[in-house]
Amino acid sequence: MRLNDQTQKALRALVALAHHGRTMTTEELANSYDISTSSLGRILRQLQARGWISCQRGRHGGVVLIKPSTEITVADVLYAFDTIADTDVIKLVNDPDSHGDFVTMQSKFDELSKQFMAALAGITIASLCNR
């Protein structure tokens, strides 16, 4: 499984905010993981829309995590930023000569995909930043 760019940036931003435990400027946050401020801005708007962070503009502004990092999981971020569903983690290409084996194999992989996503639902942002 490969995470898309937005998902990776969102995870990095959330981990940085959780790790620092304080309001950070957008520049500080961008520099902590070498993310451009314009790219980060798009990610932050989506995180704010989900109620995970608060952004304040101005001289004394910045970005702060408002949802506890123990309540945001990797699966939450994946569902928010990636076009993945529980059964989309492992997809086989249907071979017309498979004679029904495809359905059996794909159902097994669908179950594995669900287990994988369930495991990601048990990994919190807090656990990623060693807090």
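**Entry 1: ground rules**

I count a residue as buried when its relative accessible area is under 20%, as exposed when it is over 50%, and as partly exposed in between (1.4 Å probe, protein chains only). Helices (H or I, at least four residues) and strands (E, at least two) are DSSP runs, numbered from the N terminus. I am looking at a predicted model, where local features need pLDDT of at least 70 and side-chain atom pairs count only at pLDDT 80 or more, while totals for chains, interfaces and linings use all residues. Residues are numbered from 1 along each chain as its sequence is written, and side-chain values use heavy atoms, with hydrogens and water left out.

**Entry 2: the overall plan**

I looked up the secondary structure and got six helices and two strands for the protein chain. Along the sequence I read them as α-α-α-β-β-α-α-α. The protein chain has 131 residues, and 37% of them count as buried. For contacts I use heavy atoms within 4.5 Å. Taking contacts between residues at least 6 apart in sequence, I find that 61% join residues at least 24 apart.

**Entry 3: α4**

How many of the eight residues of α4 are buried? Six are, and I note the helix as mostly covered. I list the buried ones as V74, A75, V77, L78, A80 and F81. I then picked V77 and skipped residues up to four places away in sequence; V77 touches T7, A10, L11, L14, W52, I72, D82 and I125.

**Entry 4: α1**

I checked the length of α1 next. The expected span of a helix is 1.5 Å times one less than its number of residues. With 16 residues, α1 should span 22 Å, and its end C-alpha atoms are 23 Å apart, so the two agree. The buried residues of α1 are T7, K9, A10, L11, A13, L14, V15, A16, L17 and A18. I see them packing against α2, α3, β1, β2, α4 and α6.

**Entry 5: α3**

I did the length check again for α3 (residues 37-49). Its 13 residues should span 18 Å, and its end C-alpha atoms are 18 Å apart, which agrees. Which residues of α3 are buried? I find S39, L40, G41, I43, L44 and L47. Their packing partners are α1 (5-20), α2 (26-32), β1 (53-56), β2 (62-65) and α4 (74-81). After α3 comes G51, with a positive phi near 80°.

**Entry 6: the core**

I call a nonpolar core a set of buried Ala, Val, Leu, Ile, Met, Phe, Trp, Tyr and Cys residues joined through side-chain atoms within 4.5 Å. The largest one has 31 residues, and the residues with the most contacts inside it are L14, L29, L47, W52, I53, V77 and I125. I find at least two core residues from each of α1, α2, α3, β2, α4 and α5 (101-120). Which element gives the most to this core? It is α1, with eight residues.

**Entry 7: the pocket**

My pocket search runs on a 1 Å grid over the protein atoms alone: a pocket is an open set of points where a 1.4 Å probe fits, with protein on both sides within 12 Å along at least five of seven lines, and lining residues have an atom within 4 Å of a point. The largest pocket holds about 340 Å³ of space. I count 15 lining residues, of which T26, C55, Q56, R57 and V63 lie nearest the centre of the pocket. The elements giving two or more residues to this lining are α2, α3, β1 and β2. Of the elements, α3 gives the most, with four residues.

**Entry 8: cysteines**

For a disulfide I want a pair of cysteine sulfur atoms within 2.5 Å. By that rule I get zero disulfides. Is C55 buried or partly exposed? Its relative accessible area is 26%, so I mark C55 as partly exposed. C129 counts as buried, at 5% relative accessibility.

**Entry 9: two loops**

I ended with S69, in the loop between β2 and α4. S69 counts as buried because its relative accessibility is 14%. Its neighbours within four places in sequence aside, S69 is in contact with A18, T124, I125 and A126.

I found T124 in the loop between α5 and α6 (125-128). T124 is buried, at 16% relative accessible area.

How far apart in space are E71 and T124? I get 6.6 Å, C-alpha to C-alpha, for residues 53 apart in sequence.

Note on methods: Points joined across faces, edges and corners; volume = space filled by probe spheres on them.
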